Amino acid sequence: MHLSIVVIFLICLVLPALGAICQNPKVEQTSYTTVDGMVISDVAFITEFTLSCDSGKKTTPNTLSALIGNISWTESAESLSSGEHGVNVYDEAGYVAFKKAQRNSGDTSEVPSAFFLSLYHRGTYYGPWVSTEFIAATTSILLWYIAFSARSNLMSS
């Protein structure tokens, strides 16, 4: 048991050291946003992405050829608009530059990102404009009025 923990720990130390610069990154993503505003107060954004690198090396079964990750965050449903939302994903050098610009109160939008993940939020649904109870009550009153009017017309003739 202890040997397997040591081996896993050593693998975790060695694999990042074997990393190479990603040439021509290809990103595939799937995303989800919550839309039911009757139950929630915050909208959750969830995206899962696969980053494949074209490094020109031959891929063998024991090397990592793709990185799979996910990113999630929440925003207030009242202040959120429908449409495109996204997040910049940085590599190691970009992240260092981003944190440096943030620390120095600089413009973080000028820091180049590795890629951008875009998510579409179709809007938050807060329920129907008119409740079904109101429609049912209005319809029953209307039907009662029509029936009562017809009965009155029949009784008077």
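Analyst: Let's start with a term we will need: a polar contact is a pair of N or O atoms within 3.5 Å, and within protein one of them must be able to donate a hydrogen and the other to accept it. Keep in mind as we go that this is a predicted model.

User: Thanks! With which side chain does the side chain of Asp107 make a polar contact?

Analyst: The partner is the side chain of Ser109, and the distance between them is 2.8 Å. To place this pair on the fold, look at the loop between helix 2 (92–103) and strand 5 (115–121), where Asp107 sits.

User: Is Asp107 buried, exposed or partly exposed?

Analyst: A residue is called buried under 20% relative accessible area, exposed over 50%, and partly exposed in between. Asp107 has 43% relative accessibility, so it counts as partly exposed.

User: How much of the protein chain counts as buried?

Analyst: Of its 157 residues, 17% count as buried. The accessible surface of the protein chain is about 12,500 Å², and carbon and sulfur atoms hold 62% of that. Contacts tell another part of the story: taking those with a separation of 6 or more, 63% are between residues 24 or more positions apart.

User: Could you show me a buried residue? Which strand holds Thr33?

Analyst: Thr33 belongs to strand 1 (residues 26–33). Its relative accessible area is 11%, and therefore Thr33 is buried. The side chain of Thr33 also has a polar contact with the side chain of His121, at 3.1 Å. Setting aside neighbours within four places in sequence, Thr33 is in contact with Val43, Ala44, Phe45, Tyr120 and His121.

User: What about Gly83: how far apart in space are Gly83 and Gly123?

Analyst: Gly83 and Gly123 are 40 residues apart in sequence, and their C-alpha atoms are 7.5 Å apart in space. Gly83 lies in strand 4 and is buried, at 14% relative accessible area. Leaving out residues up to four places away, Gly83 touches Leu119, Tyr120 and His121.

User: Let me try another pair: what separates the C-alpha atoms of Ala114 and Gly94?

Analyst: They are 7.4 Å apart, while along the chain the two residues are 20 residues apart. Ala114 is in the loop between helix 2 and strand 5, and at 38% relative accessibility Ala114 counts as partly exposed. Outside its four-place neighbourhood, Ala114 is in contact with Val89, Tyr90 and Asp91.

User: Finally, which residues does UniProt list for "transmembrane region"?

Analyst: The unreviewed UniProt entry lists residues 126–148, and such annotations may be inferred rather than shown by experiment. In the model this span is 74% helix and 0% strand, with its end C-alpha atoms 37 Å apart.

User: Which residues make the nonpolar surface patch of about 700 Å²?

Analyst: Leu142, Leu143, Trp144, Tyr145, Ile146 and Phe148 make that patch. Take Trp144 as an example: Trp144 lies in helix 3 (residues 132–156) and is exposed, with a relative accessible area of 55%.

How values were computed:
Residues are numbered from 1 along each chain as its sequence is written. This is a predicted model: local features need pLDDT of at least 70, side-chain atom pairs count only at pLDDT 80 or more; totals for chains, interfaces and linings use all residues. Side-chain values use heavy atoms; hydrogens and water are left out. Helices (H or I, at least four residues) and strands (E, at least two) are DSSP runs, numbered from the N terminus. Buried means under 20% relative accessible area, exposed over 50%, partly exposed in between (1.4 Å probe, protein chains only). Contact means heavy atoms within 4.5 Å. Accessible areas come from the Shrake-Rupley method with a 1.4 Å probe; for residues, only the protein chains shown count as cover. Patches are made of residues with over 30% relative accessible area and no salt bridge: like charges are joined within 9 Å, nonpolar side chains (Val, Leu, Ile, Met, Phe, Trp, Tyr) within 5 Å. A salt bridge is a side-chain nitrogen of Lys or Arg within 4 Å of a carboxyl oxygen of Asp or Glu.
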